[in-house]
Amino acid sequence: MGHQRMGDIPTSQKWVNVVEKIAMVSAGAGGRGASSGGGGGGAAGGTGGGDPLIVNQIAKTILEAAEGGLIAAVNDPGLQSTFYLLTQLVLSAREEDWQGSLDKIGIKLDADATVFDLTAEVQRLIDGDLSRRGRPTTIGEIARQAAGEAIADVTRDEMISLFGTDHDDLKRAVKMMSTKAGFSDLCQSFFGNFTARFLDSYASRIVPGMAGSPAFETVQDFADFRESLFRHCHESARIVHDFGGEWFSKAQWQQGINRKNANGFIAVALEKMRQELKRQREAT
C-alpha cells in the first residue's frame, strides 16, 4: 500500500538551488576570516555562493544530518500526539453533532469560529497533551507548527477565509479532510511543512549566522529562501500523499484509528521522507 515511488518528483527547484544562498553565507564568512589572516583571503572570498563544490557540500551535509534526525523523530511523543490529534479532528466532522464530537477531543469552538480559532485550539490541545506526557521537545514544537500550517493550507483550498466564516462552513472544510483525497492532501502538507522546518533547523546549525549575512541582507532575502525551502519540501512530500489517503481509509474501515496504528503510520511516512532526502543527497 503506497510503497512505490510515483516517479521523479517535478520539483520547481533542486535541493542544491534551495541551499545556494546558504552556500553564499559560508563562502562569505570564509572570505572575511581569510582576509583578516593575510594572503589568500581574496581568493577564498571570491568563490562566492556559485562555487558548485561549496553548494554541493553544504547541501549534502544538511541532508545527511537530517536523515539521522528523522530516524530519532519517529518516537517523539509530541509528533505522535500531534498526528493522532489531526486524525481525530478530521474524523469528528463526520459526526452529525460536530461540536459534541469536538468536546470529546477537548476542542472548544464558538458558533462563529474561524480556521484561525480552530488552529489555535488544536495547538492548545497539543500543548496540554505534551504537558501531561512530559516536557515539550523541539520535534514536538516543529510538529505542532506544521499541524497548524497544514490545517490552514488544506482548508484554504476550500475557499475558507481566516475571518468571517460560520460554523457550518468550517465543518464542511474539516470534513473534506476526512475523505481519502482530503487526508492525502493533509498528509502531504503536514509532512512537507514538518520536513521544511526540520531541514531549516539543521541548516541553521550547520551554517550559523544566516540572518544578517551577505546572503540575507534584507528580510525579503530570508523570506525568499524560506519560501523556496517550504515549496521544495511540500513537493518532496508527494511521496506520502497517496500512502496517507490509502492508510486512512483502510485503517478506519478495518479497526478504526488509534494511537498505535497512527504511530505505525508515522514510522513509515518518516522513513519514506528519509529515503527521499537520501535520494536527493545522492543526486547532489
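I began at D169, which counts as partly exposed at 25% relative accessibility; on the scale I used, buried is under 20% relative accessible area, exposed is over 50%, and partly exposed lies in between, with a 1.4 Å probe and protein chains only. I note that this is a predicted model, in which local features need pLDDT of at least 70 and side-chain atom pairs count only at pLDDT 80 or more, while totals for chains, interfaces and linings use all residues. Residues are numbered from 1 along each chain as its sequence is written, and side-chain values use heavy atoms, with hydrogens and water left out.

I then looked up the partner of D169 and found a salt bridge with R172 (a side-chain nitrogen of Lys or Arg within 4 Å of a carboxyl oxygen of Asp or Glu), the closest N and O atoms being 2.4 Å apart. D169 and R172 are three residues apart in helix α9 (residues 167-176), so about one helical turn separates them; helices are DSSP runs of H or I with at least four residues, numbered from the N terminus.

Next I turned to helix α8 (residues 138-156), where E141 and R144 lie three residues apart and form a salt bridge with closest N and O atoms 2.8 Å apart. I recorded E141 as partly exposed at 31%, whereas R144 is buried at 15%.

In helix α13 (residues 259-283) I found E276 and R279, again three residues apart, with 2.9 Å between the closest N and O atoms of their salt bridge. E276 is buried at 1%, while R279 is partly exposed at 30%. I also noted one network, in which salt bridges with shared partners join E67, E271, R274 and R281.

My count of salt bridges came to 12.

Methods:
Helix = DSSP H or I, 4+ residues; strand = E, 2+ residues; numbered from the N terminus.
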